Amino acid sequence: MNRIIKKVAVLGSGVMGSRIACHFANIGVEALLLDIVPRELNEAEQKKGASLEDKAVRNRIVNDALTFALKSNPSPIYKKAFASRITTGNFDDDMAKIKDVDWIIEVVIERLDIKKQVFENVEKHRTPGTLITSNTSGIPIHLMLDGRSEDFQKHFCGTHFFNPPRYLQLLEIIPTPKTDQAVVDFFMDYGRRYLGKKTVLCKDTPAFIANRVGVYSIMSLFHSIKELDLNIEEVDKLTGPVLGRPKSATFRTADVVGLDTLVHVANGLKENCPNDEENSYFELPDYVAKMVENNWIGSKAGQGFYKKTKTADGGKEILSLDLNTLEYRSAAKVSFPTLDMARSIEDLKQRTKMLIMGQDKAGKFYRKMFGGLFAYVTNRMPEISDDLYKIDDAIKAGFGWELGPFETWDLFGLEQGLKLIEEAGKKPGAIVEEMKAAGIKSFYNLDKGNKQYFDLNTKAYKTIPGTEDLVMLDVLRAENKVWGNADTTIVDLGDGILNIEFHTKMNTIGGGVIEGLNKAMDLAEKEYKGLVVSNNGQNFSAGANVGMIFMMAVEQDFDELNFAVKAFQDTMMRIRYCNAPVVVAPHNLTLGGGCELTMHADKVVAHAESYIGLVEFGVGLIPGGGGTKEFVKRLSEELAEGDIRVNRMRDRFLTIGQAKVATSAHEAFDLGYLREGTDEVIVSREYQLTRAKAACLELANKGYTAPPKEKNITILGQEGLGLVYVGADSMKSGHYISEHDQLISEKLGFVMCGGDISERVQVSEQYLLDLERKKFLELCAERKTLERLESMVKKGKILRN
């Protein structure tokens with residue numbers, strides 16, 4: 001039976017409940033969000049003369065929680081309009097409405113007695129067959145079944161979302177022995193395909209998988225920091241992006257999550273895991289206990305391991321906690337030879353292999369950390385999971401690590417990992433000896449387009465379930481590479497479709513990427529059916545290599561700069577008019593040149609978390625790779641007339657002039673970066689490339705013909721230019737923008753209006769590109785532009801070769 005989710009009920013509107021409701025609204029599902037009725041009036045209600053029977057009062061808790069969530073930054077909602085899909089109510093008046101929903105999710109306070117009360121109430125109104133789950137992060141799932149009906153038990157399990165639900169990919173599915181297998185299978189698929197999650201099937205063990213390993217990792221560092229003679233800034237530097245982990249690293253993460261929350265989980269593990277060989281690590285170090293006592297629990301308390309203060313001159317300074325004195329001090333500068341060597345290595349896997357070789361404190365730290373981690377995860381099998389890939393998936397999706405523990409161990413090799421464990425004074429789990437006995441030397445294996453893992457039960461490699469039909473670059477790259485240079489790799493995805501990926505820093509677009517794109521289109525036209533542009537980087541592309549443009553401008557090499565900009569424009573136009581379909585699949589940052597590339601594709605399959613924008617104005621330039629031209633072209637295609645056309649032009653002008661970046665792919669439609677009816681959004685990052693390949697194949701198989709070059713683009717000329725000049729002058733006179741910003745605005749407007757032409761006429765794309773490039777080069781010659789570019793280069797905000 002096909003199970004369709006049209007409406008969910010979320011019981012509990014706290015930080016997690018309100019945001020879970022928002023994420024269902026994100027994917028088009030109606031959400032009923034309920035919470036308790038207030039016991040007394042607040043001060044504002046008393047002044048209004050309200051009573052406890054008023055609907056606004058009875059729904060105050062849930063409405064305030066949802067309002068707070070919608071105003072939070074980063075936003076839990078893809079688009080403000082999606083919030084209308086959420087209806088609020090309370091347990092007393094509206095619980096009967098759950099009879100009409102397809103899935104009920106309990107997200108109340110972490111107390112078993114209260115959860116049981118909620119479930120007893122749910123049983124009175126729930127329609128048999130309706131899914132029912134708990135979002136508990138630690139209470140054993142099976143304990144919630146006492147007194148529940150057989151139908152309830154069959155359709156009940158744990159669904160543990162990680163906070164914030166929109167952004168963290170992990171969804172742990174925790175069945176009980178009574179859960180129907182079809183229900184488990186449904187959640188595993190629905191979470192991946194519809195919610196965009198990495199669904200991980202967990203055993204009903206304390207803290208499940210991600211928190212068990214993640215909290216161990218944090219607590220072990222809490223205990224060893226003094227032993228290794230390190231401070232919190234050093235540990236955060238060592239455990240952040242250099243390892244492919246979030247910038248918040250270890251101690252900043254504790255501040256963001258809340259030390260009280262971390263301590264709650266650690267205490268639970270200390271109490272409920274007496275046989276864990278690392279149980280002592282879940283004991284709170286003295287300094288942590290003192291911090292909790294002082295309520296120094298992180299960001300929500302105003303201070304934790306870090307504290308933001310004001311300086312004497314009114315500026316801001318972030319102080320760090322000295323763990324020996326428990327006094328705040330100015331942040332210490334972090335410097336290790338090992339990190340200095342690591343900076344030059346872009347590839348994370350190669351960089352990670354180098355880190356353990358250091359002979360300084362950093363190298364010693366990494367060897368001890370990895371040795372302990374490798375021992376811990378192998379000793380957790382089969383306790384928390386029979387399958388090692390689930391541990392990697394959970395920690396990556398829940399804690400934002402790019403490499404899981406077993407993936408990292410494979411980089412070093414089995415024997416090197418065992419050596420690290422021995423040096424750390426630990427012992428590995430039985431899985432390692434069983435691997436060696438079976439002649440297996442790595443935890444993962446690539447075979448015929450599939451990623452395999454060592455299976456503890458069969459003592460052999462098995463394909464990771466659910467990946468059989470996925471198109472995965474990491475699996476195909478080794479055997480299906482067609483061509484490559486220093487900046488790009490072209491891979492055969494099968495069925496006549498190629499993929500080109502970038503691997504420059506932040507996937508910026510320079511000469512090597514331009515060469516790769518043209519080579520990929522050559523191959524697609526001559527030997528294949530179509531081309532997909534996608535990659536596995538943290539970001540799709542941060543844009544053109546503006547650092548290179550800056551160097552050319554400083555050296556006043558304008559002929560070379562003109563050549564480089566024209567080469568970029570020509571490549572974008574070739575993408576538009578390639579004789580094979582080109583599909584672009586952006587994710588995360590898709591800025592500047594990356595946005596321009598996206599705007600010229602036949603079709604865009606954007607991940608929901610795509611932050612797309614033309615940001616050149618911020619560095620003193622206008623989009624010069626076809627972005628300005630494309631906005632004019634799309635404005636012409638809208639066929640609006642009169643004031644509507646002028647207003648549309650103004651809106652598009654402000655999108656570029658204010659360097660607006662879409663906060664989701666859905667918002668990118670409103671800003672004009674994506675096209676309704678042509679481009680599409682996919683919530684699952686895991687399925688994105690698979691869908692992009694299918695979309696490209698669909699275009700090819702139905703008989704693709706490149707569109708004719710556009711020669712009839714209507715421009716506004718002086719009609720629009722007057723609006724731009726008056727607006728810019730007014731903003732300058734009001735001291736809202738600088739003289740230089742006024743100049744950029746006027747040049748942008750000149751291009752968007754097609755020049756100083758007395759009436760509306762039709763022009764070609766090439767006319768607009770030439771005009772765009774001319775104004776771009778004029779701005780590159782401006783002293784103020786160079787100063788702005790130089791300032792950003794010095795701050796590290798622009799990438800240099």
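Which residues does G625 touch, not counting residues up to four places away in sequence? The residues in contact (heavy atoms within 4.5 Å) with G625 are F568, Q569, M572, E596, H600 and E772. This is a predicted model, in which local features need pLDDT of at least 70 and side-chain atom pairs count only at pLDDT 80 or more, while totals for chains, interfaces and linings use all residues. Residues are numbered from 1 along each chain as its sequence is written, and side-chain values use heavy atoms, with hydrogens and water left out.

- G625 is located in the loop between β22 (610–613) and α26 (627–637); helices (H or I, at least four residues) and strands (E, at least two) are DSSP runs, numbered from the N terminus.
- G625 counts as buried because its relative accessibility is 4%; buried means under 20% relative accessible area, exposed over 50%, and partly exposed in between (1.4 Å probe, protein chains only).
- A distance of 10.0 Å separates the C-alpha atoms of G625 and A564, which are 61 residues apart along the chain.

**Nonpolar cores**

- A nonpolar core is a set of buried Ala, Val, Leu, Ile, Met, Phe, Trp, Tyr and Cys residues joined through side-chain atoms within 4.5 Å.
- The largest such core has 114 residues, and F222, Y287, F305 and Y366 have the most contacts inside it.
- Helix α16 (residues 361–379) supplies the largest share of this core, 10 residues.
- A second, separate core of 72 residues includes I514, L531, V751 and L771.

**Salt bridges**

- The whole structure contains 63 salt bridges, each defined as a side-chain nitrogen of Lys or Arg within 4 Å of a carboxyl oxygen of Asp or Glu.
- In the salt bridge between E765 and K629, the closest N and O atoms are 2.9 Å apart.
- E765 lies in helix α32 (residues 765–780) and K629 in helix α26, so this pair ties together parts 136 residues apart in sequence.
- E765 is buried, with a relative accessible area of 2%, and K629 also counts as buried, at 0% relative accessibility.
- E719 forms a salt bridge with R760, with 2.9 Å between the closest N and O atoms.
- This pair links distant parts of the chain, 41 residues apart: E719 is in helix α30 (residues 718–733), and R760 is in the loop between α31 (739–752) and β25 (761–763).
- E719 counts as partly exposed at 39% relative accessibility, and R760 is partly exposed, with a relative accessible area of 28%.
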